[in-house]
Amino acid sequence: MNQITMTLQADHLILEALREDISSEDVTTNAVMKEAVPGQVELICKQDGIIAGLQVFCRVFELLDADVQAELFCKDGDEVKKGQLMGVIKGDIRVLLSGERVALNYLQRMSGIATYTHSVAKLLEESNTRLLDTRKTTPNMRIFEKYAVRVGGGYNHRYNLSDGVLLKDNHIGAAGSVTKAVQMAKDYAPFVRKIEVEVENLDMVREAVEAGADIIMLDNMTPEEMKEAIRIIDGRAQTECSGNVTKENISRLTALGVDFISSGALTHSAPILDISMKNLHAI
């Protein structure tokens with residue numbers, strides 16, 4: 001996540017998170033710290049995983065006080081181990097205390113997603129299939145969660161509804177048929193955008209191919225149905241599998257040879273990575 005993205009897309013979200021946590025003041029910190037005192041605290045990993053979100057973590061403190069300094073001993077995408085010292089943050093102790101929870105919430109959540117994504121992506125290493133995320137993200141957390149997927153070795157599907165055409169069951173129902181929906185999308189959308197169609201049975205597969213869909217998403221089909229769908233498509237469109245895909249069941253899809261496998265679990269079901277700020281003291 002570069003500085004331009006951080007400033008334009010992330011800073012206002014981080015500030016909202018801080019405002020949520022500090023509506024008027026940090027009563028506890030103000031009670032025990034009457035004035036500015038320089039200090040430092042250690043950032044320690046408490047379980048093995050993939051770290052993601054270090055820039056966001058640091059930015060929380062920078063937005064509270066531009067003089068806060070962080071010395072990091074790892075970078076996003078690194079494998080970290082339980083007990084590892086990942087960095088030292090120095091600054092006004094009041095700032096370190098007040099920003100701690102928000103900063104850790106971002107870092108733990110993003111690192112958990114990167115860790116889970118990494119574990120799923122490893123299962124696809126011997127194939128040519130790419131692992132995709134979905135729009136099943138936490139409201140106001142999408143930029144952070146989709147970034148974490150990339151750090152973990154996955155790829156981003158659409159960022160939002162303005163990003164591409166994906167005709168799902170309700171869009172097809174509204175249009176009247178797969179054929180009508182694809183034609184309406186072609187008439188409306190700029191030619192640079194691909195048109196993806198979600199299908200649930202082999203008849204819909206045939207119709208999507210004939211209608212000229214660029215990508216056909218095989219949703220909640222059995223492996224046998226997907227294999228037949230791929231035969232029908234025969235390279236005339238890219239293929240994607242979806243539908244309750246997790247680390248535990250993705251192996252049933254790896255041999256199909258589809259172009260993409262999408263999994264909402266990457267963002268909606270990844271557990272956090274346990275990380276702490278410890279040993280705060282004055283310097």
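**Salt bridges, a bent helix and a sheet**

Q: Is Glu16 buried, partly exposed or exposed?
A: The cut-offs are under 20% relative accessible area for buried, over 50% for exposed, and partly exposed in between (1.4 Å probe, protein chains only). Glu16 has 46% relative accessibility, so Glu16 counts as partly exposed.

Before going on, note that this is a predicted model, where local features need pLDDT of at least 70 and side-chain atom pairs count only at pLDDT 80 or more, while totals for chains, interfaces and linings use all residues. Residues are numbered from 1 along each chain as its sequence is written, and side-chain values use heavy atoms, with hydrogens and water left out.

Q: Which residue meets Glu16 in a salt bridge?
A: A salt bridge here is a side-chain nitrogen of Lys or Arg within 4 Å of a carboxyl oxygen of Asp or Glu. An α-helix has 3.6 residues a turn, so residues three or four places apart point the same way. With N to O at 2.9 Å, the side chain that meets Glu16 is that of Arg19.

Q: How far apart are the closest N and O atoms of Arg231 and Glu228?
A: Both residues lie in helix α9 (residues 223-233), three residues apart, about one turn of the helix. Arg231 counts as exposed because its relative accessibility is 54%, while Glu228, at 26%, is partly exposed. They form a salt bridge, and the closest N and O atoms are apart by 2.6 Å.

Q: Where does helix α1 bend?
A: Helices (H or I, at least four residues) and strands (E, at least two) are DSSP runs, numbered from the N terminus. The bend at a residue is the angle between axes fitted to the seven residues ending there and the seven starting there. For α1 (residues 3-21) that angle is about 55 degrees, and the bend is at Ala10.

Q: Which helices do the buried residues of α1 pack against?
A: The buried set includes Met6, Leu13 and Leu18, along with Asp11. Asp11 is also linked with Arg59 and Glu62 in a network of salt bridges. Counting contact as heavy atoms within 4.5 Å, the buried residues of α1 pack against α3 (54-64), α4 (93-121) and α5 (142-151).

Q: What is the order of the four strands in the open sheet?
A: Two strands pair if DSSP finds at least two bridges between them. β1 (residues 38-45) pairs with β5 (residues 85-92) over seven antiparallel bridges, and six bridges join β1 to β12 (residues 275-282). Four bridges join β3 to β5. That gives the antiparallel order β3-β5-β1-β12.

Q: Which strands stand at the edges of that sheet?
A: An edge strand here has a single partner, so one side of it is left without a neighbour in the sheet. The strands in that position are β3 (69-72) and β12.

Q: At what angle does α3 run to β3?
A: Axes are lines fitted to C-alpha atoms, for helices over the stretch in contact, and angles run from 0 to 180 degrees between N-to-C directions. α3 lies across β1, β3, β5 and β12, and its angle to β3 is about 160 degrees.
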